[in-house]
Amino acid sequence: MGEILAGLGLQLHPHKTRIACLTRGHEGFDFLGFHLHKVEAWKRRGRYYLQRWPSGRAVAAIRAKIREATDRALCGPPVEWVVGNLNRVLRGWGAYFRYGNAAREFAMIDSYVHERLAVFASIKHGLRYHRNWTRRFTWAWLRGLGVYRLSGRVRSGAAHALR
């Protein structure tokens, strides 16, 4: 394979190139930010289907961007301004990963955004952040801010344009 690619002026990266055994969901691989893995169907036992969701590295990257956008050092600007910047990041990331099986990861990111904005608002308004933050900063409060929710945005089917 290396010889064929060398003729095209390309080369294999030795640390990234490997052969993955997808049979019966033994292992998966990461490609273009997605983790591809065969998963057993819950209705038809013994049948496996290839599924894709955001890789661990992609989830860590979006969490870092959320953490940066809701940093404690940014308590000066209004919450609406922070939400506007956060929405741009969430829309772009969600649009890229919405095709596939990302519902679980989208729900985790939504919960993380909720918690980070609750911490941000607590610090901004001089409130003590503690375990009962969900009573003060409910999902209705989050919806009122206009935060872009990733949950419910997953689309089935191909990621290419319709013909």
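1. Buried means under 20% relative accessible area, exposed over 50%, and partly exposed in between, with a 1.4 Å probe and protein chains only as the setting. By that scale R67 is partly exposed, because its relative accessible area is 40%.

2. This is a predicted model, in which local features need pLDDT of at least 70 and side-chain atom pairs count only at pLDDT 80 or more, while totals for chains, interfaces and linings use all residues. Residues are numbered from 1 along each chain as its sequence is written, and side-chain values use heavy atoms, with hydrogens and water left out.

3. The protein has 6 helices and 3 strands. Helices (H or I, at least four residues) and strands (E, at least two) are DSSP runs, numbered from the N terminus. Read from the N terminus, the order of elements is α-β-β-β-α-α-α-α-α.

4. On overall shape, the radius of gyration is 20 Å, whereas a compact globule of 163 residues would have one near 15 Å. That radius is taken over C-alpha atoms, and the globule rule is 2.2 Å times the number of residues to the power 0.38. Along the principal axes, the C-alpha atoms fill a box of roughly 60 × 45 × 35 Å.

5. Of the 163 residues, 30% are buried. The protein exposes about 11400 Å², with 54% of it supplied by carbon and sulfur atoms; accessible areas come from the Shrake-Rupley method with a 1.4 Å probe, and for residues only the protein chains shown count as cover. Among contacts (heavy atoms within 4.5 Å) with a separation of 6 or more, residues 24 or more positions apart account for 56%.

6. To return to R67: this residue lies in helix α2, residues 56–69. Leaving aside neighbours within four places in sequence, R67 is in contact with Y112 and R116. The C-alpha atoms of R67 and Y148 are separated by 16 Å, and the two residues are 81 apart along the chain.

7. L32 deserves a look at its backbone. It is not a glycine, yet L32 has a positive phi of about 55°. Most residues other than glycine have a negative phi. L32 sits in the loop between β1 (29–31) and β2 (34–40) and is exposed, because its relative accessible area is 59%.

8. M1, I4, L8, L10 and L12 make a nonpolar surface patch of about 560 Å². Patches are made of residues with over 30% relative accessible area and no salt bridge; like charges are joined within 9 Å, and nonpolar side chains (Val, Leu, Ile, Met, Phe, Trp, Tyr) within 5 Å. A salt bridge is a side-chain nitrogen of Lys or Arg within 4 Å of a carboxyl oxygen of Asp or Glu. One of the patch members, I4, is found in helix α1, residues 2–7. I4 is exposed, because its relative accessible area is 57%.
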